[in-house]
Amino acid sequence: MRVLNNQYIVSLTRPLIENNPISIQILGLCSALAITQAVRPALIMATAVIVILAFSNLIISLIRHFLPSSIRLILKMTVIASAVIVVDEIIKTFAPDMSQLLSVFIALIVTNCIILGRVESFASSHSPGLSFLDGLGNGIGYALLIILVAFIRELVGKGTVLDFPVFESIEQGGDYIQNEFMALPASAFFILALLTWGIKAALQARTSED
Amino acid sequence: MVSEHFNILFRAAIVENLVLVFLLGMCTYVAVSKNVKTAFGLGLTVIVVETITVPINYIIFEYVLSHGALAWAGYPQLDLTHLKIVTFIGVIAAVVQILEMVLERFYPTLFKALGIYLPLLTVNCAVLGASLFMVQRNYQFTESLVYGFGVGLGWAIAIVVFAAIRERLDESRVPQGLRGLGLAFIVTGLLSLSFNGLAGLEF
């Protein structure tokens, strides 16, 4: 039981930093870069990914013994796409302004490689419970990273966090000059590169200590 | 008319380059850009896939999914637009599958070189993204054909340039933790910045 217990915890926690989907597995980069201009859209996006990832992992794991391997990709894509449609419609109904802002990026979660990557490499060969936790863990790992990037970009770029002013900008009578570079998608690359560097260096330092 | 189409092509390929400006198709872009030859093959494949899927998806969207498109069948109120994601991805998966068979039969060397990345084109955001943008911008048939080709061309240009830079970078000395992914991000960032400088350019 102890071993089993640990296994559950590991599949939830490992993807958070050590095996982070973005910075280590190189999965799901497109959305991570495109929607991180501000924290609010990043939060919505992260929630959507967590929900979709956890449930597609769970569903695929439940039907894993009935999937013929020759057409498994198309079947999996259908399951994922259905999950995405449900989430997309929910966001359209309850947060129409956000759905406008995120434009095609919610729909593009279908092709977010995190989802297919985890479904292929984990859910197809593990039990439903483990798969669900793995989905949650990877979703949260993804969320951590994109919210961090979004936080940096919004804070430095506009001087705000969640539209709440932290540094008063010049237009509002303060003395903070908004950094327009952070509004460009390219800035996300540099932030992500530095974060990846930091994470890798930290992991290396830890393994060499052991 | 012609210049309008050229404008769409130019915008899709350079000014609004899907990888470097909209940041779509990033995973494959970073993963398959280690040498120019493979990158070139993949670029060509993406051009073919985009040029086929965008117009097909246009036809399906216009005549089956869009609001009132099924009026001739007695369903004037039917609106199936929410099914576009599933439909588009299905079309893309089918086209990629067919292309895979064709390549295997007629171009076995390219087929081997592309390996796993060919089926992965199904989950390339740039391919699905192009179809979704086509709907969002209300393109007509010929426009969507030109747009599909332009998007593919832009993707191919971007990945070949990036692969050429990376080949050189292999020989340079960079900090351990920055090697590989980190450096790839920085290079893409610089490329992306330079493409952003073209924003608003028109003929």
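Colleague: Among contacts in chain B between residues at least 6 apart in sequence, what percentage join residues at least 24 apart?
Modeller: This is a predicted model, and a contact here requires C-beta atoms, placed from the backbone, to lie within 7 Å. Taking the contacts in chain B whose residues are at least 6 apart in sequence, the share that joins residues at least 24 apart is 79%.

Colleague: How many helices and how many strands does chain B have?
Modeller: Read along the sequence, chain B follows the pattern α-α-α-α-α-α-α-α-α. The count for chain B is accordingly given as 0 strands and 9 helices.

Colleague: Why is chain B said to be as compact as a globular protein of that length?
Modeller: The C-alpha trace of chain B spans about 65 × 40 × 30 Å along its principal axes, and buried residues make up 45% of its 203 residues. The globule rule gives 17 Å for 203 residues, and chain B is as compact as a globular protein of that length because its radius of gyration is close to that value, at 18 Å.

Colleague: Which element gives the largest share of the side of chain B that touches chain A?
Modeller: The contact takes 34 residues from chain A and 35 residues from chain B. On the side of chain B that touches chain A, the elements giving two or more residues are helix 2 (26-31), helix 4 (84-106), helix 7 (125-136) and helix 9 (181-196) of chain B. The largest share, 9 residues, comes from helix 9 of chain B.

Colleague: How many charged residues does the side of chain B that touches chain A have?
Modeller: By class, that side of chain B has 22 nonpolar and 13 polar residues, and the number of charged residues is given as no charged residues.

Technical notes: Residues numbered from 1 in each chain as written. Chains lettered and ligands numbered in written order. Predicted model: local features only at pLDDT ≥ 70, side-chain atom pairs only at ≥ 80, totals over all residues. Contact = placed C-beta atoms within 7 Å. Helix = DSSP H or I, 4+ residues; strand = E, 2+ residues; numbered from the N terminus. Nonpolar A, V, L, I, M, F, W, Y, C, P; charged D, E, K, R; others polar. Rg over C-alpha atoms; globule rule 2.2 N^0.38 Å. Buried ≥ 20, exposed ≤ 12 C-beta atoms within 10 Å, placed from the backbone.
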